[in-house]
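Have the picture open while you read.

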Amino acid sequence: MPLPQRKIVEELLRQPFGPYRDEEVLSEECQSKPGRTLVLKSFQLAYNDEIIGLDESEQPLGTGEVDNRQFRFRGILSIHSTSWLSELGVKRVEAELNLRANTRSMREGERPPSIITLEGLFNRNTGYLGRTPVPGDDDELELRLKIQGFRNFPALYMTSKLVPDGLFWHSKDCNRTYEVATMDVYTFQLSENFFWRYRLLALMIKIVGEGRTPLEKRTPAWFVTQYLERFAHSASDEHERLIYDSSDSDIINVDEGKTYLPRHPRRIHRRDILGLFAAQSEWFVTDNEVKRKRIFPFKPWNAFRKEVRKARWQAARNNVIWGWPIGREHQPDLESDPDSGEGDDEDDEDGEDTRIVVERNPVIGKTNEIVRRKIDKAKTRRNLPSARRVNEPSPSGSSSDEFDPARAHAYMSDFSRGSSSTASDSSDDSVDEHLPEFGELIPRQLSQVPELPGPDNRWWCPVPDCGHMVDLQRLTRDDIKALSATTVFYLMEKKWRSIREDERAKICFFEMVSKHYEDHLADLGLRFVQIRGRVGIDSIRDKRRGQQVMVIVKEEVTSEPPDQSLGPYAYRP
């Protein structure tokens, strides 16, 4: 039978046919193969008749139970051959096609057309479909069907060999696979966090694969630096415009927008990139720890995860949104004060923290219990803290250049007699013998190494009800009163990029925190003393050392300049 004119067929094929269930209209020959992948457009995802995104469908249960959730998808598929359709599929499509033709003829007042068959449309000699595309022909006709089915396996984004740079989707029918080319707007909005998560993971794998950096050095700051140095701006960006006037004399190639003069792309701030990693920090920790080949070490990333949560909360106090997963900016369990639930047992707190993180970020194919055990095992692999060796004299004496205030606080983590060295003189023993009686008075936060400031360069005192803050970008007179003039000048110049990468800035920060911790101890009638390279605690009112202590108190009252030669905790006889 003769086919209608091309413009009529084009009108009839303008809108997709369907929707049809894939198991009813598609044949077994309709499969993705190497070099030819089935492509879905306008992809939609639903659960319980509500549109959802990949953030929900790709969130595993984590309980080990069989996941019986039915996620229904829908998309537009272009049919390239009648062999892709089942017998029922051919009949249903032809019926809708002829219904459209009859409706059109009635609307236009024309005679009813002859019956149109798919076999005629796909005829290589006389048909309009299935022909080899002609270069420059943008009016190629396609038979498009709305296909819907149910998800079979978890989605793969930038991790599939068939679709290395896109989204790979599995249908239950015949285990059929698709490449998702475009998405429905609402489904895409609910999937942004999923896409960012795997884009960052693919970037991290690429960064690691192109270098030989040891595992233990792949910290968050290292990944940010590598991105800014190697991936932020490609060489082509310098001489390429995306929006340009073809008559501009600076344009070399009108088609590609190449320019003679170099462009200056917007400088990307480290904090912007760090915020992207911060948003996925919890998931990175749980997902990386179950991999056979880890791409980064556990310890610095787990510490980064905890710092991010504090930074989020501190930023929220200033009405700033930073480091949140997309779509979870106001999730209650992430909005709470990270220090508000602190108890007396740090092990219990740490275990509860791990449990919450794993429940919030389950890993596909692993139960939460397995992930939790792996994280607990990773914690035991950490090196024992070297801070307990502070009480040992250094080979070079008691120079202030080698005195680390943070380690001085960590020295008293248990306030026990066993912490002191047995080989000491009587003056040293007079300092150490007070540790048991002082232990109950001193807040345990003062015995811990202070955490470095978050991405906002702010540090909040962890002592309950203190509220003191050190802002490295806006230092106050009280913050710098214990620092030397050269140190203050170095900080105020702000030439250092990150406190985690600049050792001198880090030491300056520890000195400021140490001075603040000294104020806490002074309120308790205690102070730090250093004798022959050893650090300890003594009472200000101790009669045996009353004369020495009175000299120090007098210096503070009269506001005389402190002696900086021996560091902030130097003992002055």
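In this predicted model, helix α19 (residues 485–493) packs against helix α20 (residues 503–523) at an angle of about 115 degrees, and their axes are 11 Å apart. The two helices cross in a left-handed way. If you want to find the spot where they touch, look for Thr486, Thr487, Tyr490 and Leu491 on the α19 side, with Arg504, Ala505, Cys508 and Met512 facing them from α20. Sorted by class, that contact has 5 nonpolar, 2 polar and 1 charged residues.

Now over to helix α7, which packs with two other helices, α10 and α8. Two values are handy here: packed helices are described by the angle between their axes and the distance between those axes. Here are the pairs side by side.

| Helix pair | Angle | Axis distance |
|---|---|---|
| α19 (485–493) and α20 (503–523) | about 115 degrees | 11 Å |
| α7 (192–209) and α10 (281–289) | about 60 degrees | 11 Å |
| α7 and α8 (220–230) | about 80 degrees | 11 Å |

Start with α7 and α10, at about 60 degrees. That angle makes α7 oblique to α10. The crossing of these two is right-handed. On the α7 side, Arg197, Tyr198, Leu200, Leu201 and Met204 make the contact, while α10 brings Trp283, Phe284 and Asp287. Count by class and you get 6 nonpolar, no polar and 2 charged residues where α7 meets α10.

What about α7 and α8? Their angle is about 80 degrees, so α7 and α8 are roughly perpendicular to each other. Here α7 uses Leu203, Met204, Lys206, Ile207 and Val208, and α8 answers with Trp222, Phe223, Gln226, Tyr227 and Arg230. That contact between α7 and α8 comes to 7 nonpolar, 1 polar and 2 charged residues.

Helix α7 also turns up in the lining of a pocket. The second largest pocket has a volume of about 790 Å³. It is lined by 35 residues, and the closest to its centre are Glu58, Phe194, Arg197, Tyr198 and Trp283.

By class, the lining has 19 nonpolar, 7 polar and 9 charged residues.

Definitions and conventions. Residues numbered from 1 in each chain as written. Predicted model: local features only at pLDDT ≥ 70, side-chain atom pairs only at ≥ 80, totals over all residues. Heavy atoms only, no water. Axes fitted to C-alpha atoms, helices over the stretch in contact; angles between N-to-C directions. Helix = DSSP H or I, 4+ residues; strand = E, 2+ residues; numbered from the N terminus. Parallel < 35°, antiparallel > 145°, perpendicular 65-115°, else oblique. Left-handed = near helix turned anticlockwise from the far one by under 90°. Contact = heavy atoms within 4.5 Å. Nonpolar A, V, L, I, M, F, W, Y, C, P; charged D, E, K, R; others polar. 1 Å grid on protein atoms, 1.4 Å probe; cavity = no way out; pocket = protein on both sides within 12 Å on 5 of 7 lines; lining within 4 Å. Points joined across faces, edges and corners; volume = space filled by probe spheres on them.
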